[in-house]
Amino acid sequence: MTVSEPGALDVASIREDFPVLDREFDGTPLVYLDNAATTQTPQQVIDAISEYYETYNANVHRGLHQLSQEASIAYEEAHDTVAEFVGAAGREELIFTGNTTESENLVAYAWGLNELGPGDEVVLTEMEHHASLVTWQQIAKKTGATVRYIRVTEDGHLDLDHAKKLIGSDTKLVSVLHVSNTLGTINPVADLADLAHAHDALIFVDGAQAVPNRPVDVEAIDADFYAFSGHKMAGPTGIGALYGKQAILEAMEPFNYGGDMITKVTFDDATWNDLPWKFEAGTPKIAQGIALAEAVEYLDDIGMEAIARHENELAQYTLDRLAEFDDIETFGPPAGTERGGLVSFNLGTVHAHDLSSILNDYAVAIRAGDHCTQPLHDKLGVAATARASFYIYNTREEIDVLIDAMDDARELFA
Ligand code: C6P
């Protein structure tokens with residue numbers, strides 16, 4: 001399959017890098033449109049994992065032998081690669097975690113538990129993912145702080161007038177997602193950072209749906225914390241990252257205690273290792289971290305600007321195609337608005353789970369459910385939505401397959 005638009009990605013050659021895209025179910029080629037949940041993995045990243053296990057598998061920071069030296073260097077340099085990819089100053093500001101959720105919890109426990117108290121406020125948005133929503137709700141319960149939510153407008157944007165009213169002298173933290181995994185909205189995180197900083201509050205940006213799909217510069221945003229997941233950006237599962245401004249990370253307590261995060265331990269006490277190792281207790285995610293750096297280099301070679309354009313174009317095409325049908329409701333900013341590469345929708349009264357099952361018969365993989373944004377779905381007045389989400393290897397032709405397969409769902413449920 002190819003895309004024909006000028007300046008578009010060379011999708012045909014990109015697809016050759018992803019072995020799983022050759023799969024067929026009963027002779028029907030896989031159409032993978034569940035990329036906001038997890039992206040597929042290119043051969044280059046699979047090879048990086050194999051190479052680690054085949055040639056230099058060893059623990060890091062613990063051995064003086066050759067394998068440990070090689071693994072340590074590769075693991076440390078992986079921090080540099082990922083840090084540079086998101087515009088961080090260096091490895092001191094880039095902690096490897098398990099995923100975005102763990103990055104949220106790291107900040108919630110290591111910063112939130114110590115810094116929040118009664119009267120303090122944490123400002124989230126109504127489109128927040130459970131990873132931040134549930135985490136800050138629980139930390140607020142433990143500390144006596146209050147959680148407030150910036151409203152989402154009818155057309156799927158944040159109500160910035162409401163944000164200006166909510167963020168004030170009691171605000172200690174604003175936690176906002178960069179790109180909504182349900183609406184596709186790209187939020188003005190740099191403006192929200194200015195607003196937070198004007199009131200001496202910190203800002204945590206959930207970049208799980210942004211770093212895979214568009215250029216991100218944490219310094220330009222002036223984010224205090226910024227989190228993302230490897231498995232949504234052509235990397236392996238089990239690895240994510242937390243960016244934090246060095247001065248803030250220096251001042252924070254560790255999240256986990258144990259080996260490698262210390263410099264000196266006595267029977268009475270311990271002192272903490274340098275950043276980022278202070279926040280990476282125990283044997284870290286060595287193979288995954290090295291493979292994440294490989295994924296970052298892979299995406300960098302393609303070009304993040306081009307990836308963002310490709311995904312926006314596929315989202316616009318999907319919105320246009322879905323608009324041909326009276327019985328389809330779409331959610332999020334209208335067509336023509338720049339958005340992340342995903343579209344959530346419902347087909348008449350067909351439950352999204354039923355739709356997804358029928359599409360599976362056509363080898364079309366989408367996500368159906370609440371996408372870990374239950375309060376947002378409550379606000380939208382629906383229990384579930386179907387969601388098609390795109391990546392570098394998807395084509396217009398695959399979206400046509402999705403649309404045609406929905407015709408059959410229509411007939412079945414008529
Ligand atoms: N969203 C989706 O299908 P983890 O699971 O920790 O890698 O990522 C959590 C997360 C946090 N923030 C946003 C905006 C996200 O989209 C996600 C993951 C997946 O939409 C799984 S629910």
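## Interface between domain 1 and domain 2

Across the interface of domain 1 and domain 2 in this predicted model, the salt-bridge rule finds two salt bridges. A salt bridge joins the side chains of arginine 214 and glutamate 338, with an N to O distance of 3.3 Å. Polar contacts between domain 1 and domain 2 amount to 27 residue pairs, counted where both residues have pLDDT 80 or more.

On the side of domain 1 that touches domain 2, the elements giving two or more residues are helix 11 (304-322), strand 14 (342-347) and helix 13 (374-380). Helix 13 supplies the largest share of this side, with six residues. By class, the side of domain 1 that touches domain 2 divides as tabulated below.

| Residue class, domain 1 side | Count |
|---|---|
| Nonpolar | 19 residues |
| Polar | 13 residues |

As for the domains themselves, the domain assignment of the chain places 11-42 and 303-412 in domain 1, and 46-301 in domain 2. Domain 1 is therefore assigned as two segments of the chain, in keeping with bounds that come from an automatic or database assignment. To the contact, domain 1 contributes 40 residues and domain 2 contributes 36 residues. Taken over C-alpha atoms, the centres of domain 1 and domain 2 lie 28 Å apart.

The area buried between domain 1 and domain 2 is about 3,000 Å². Carbon and sulfur atoms give 56% of this buried area.

Notes
Residues are numbered from 1 along each chain as its sequence is written. This is a predicted model: local features need pLDDT of at least 70, side-chain atom pairs count only at pLDDT 80 or more; totals for chains, interfaces and linings use all residues. Side-chain values use heavy atoms; hydrogens and water are left out. Contact means heavy atoms within 4.5 Å. Buried area is the accessible area (1.4 Å probe) that two parts lose on being put together, summed over both. A salt bridge is a side-chain nitrogen of Lys or Arg within 4 Å of a carboxyl oxygen of Asp or Glu. A polar contact is a pair of N or O atoms within 3.5 Å; within protein, one must be able to donate a hydrogen and the other to accept it, and residues adjacent in sequence count only if both atoms are side-chain atoms. Helices (H or I, at least four residues) and strands (E, at least two) are DSSP runs, numbered from the N terminus. Ala, Val, Leu, Ile, Met, Phe, Trp, Tyr, Cys and Pro count as nonpolar, Asp, Glu, Lys and Arg as charged, and the others, Gly among them, as polar.
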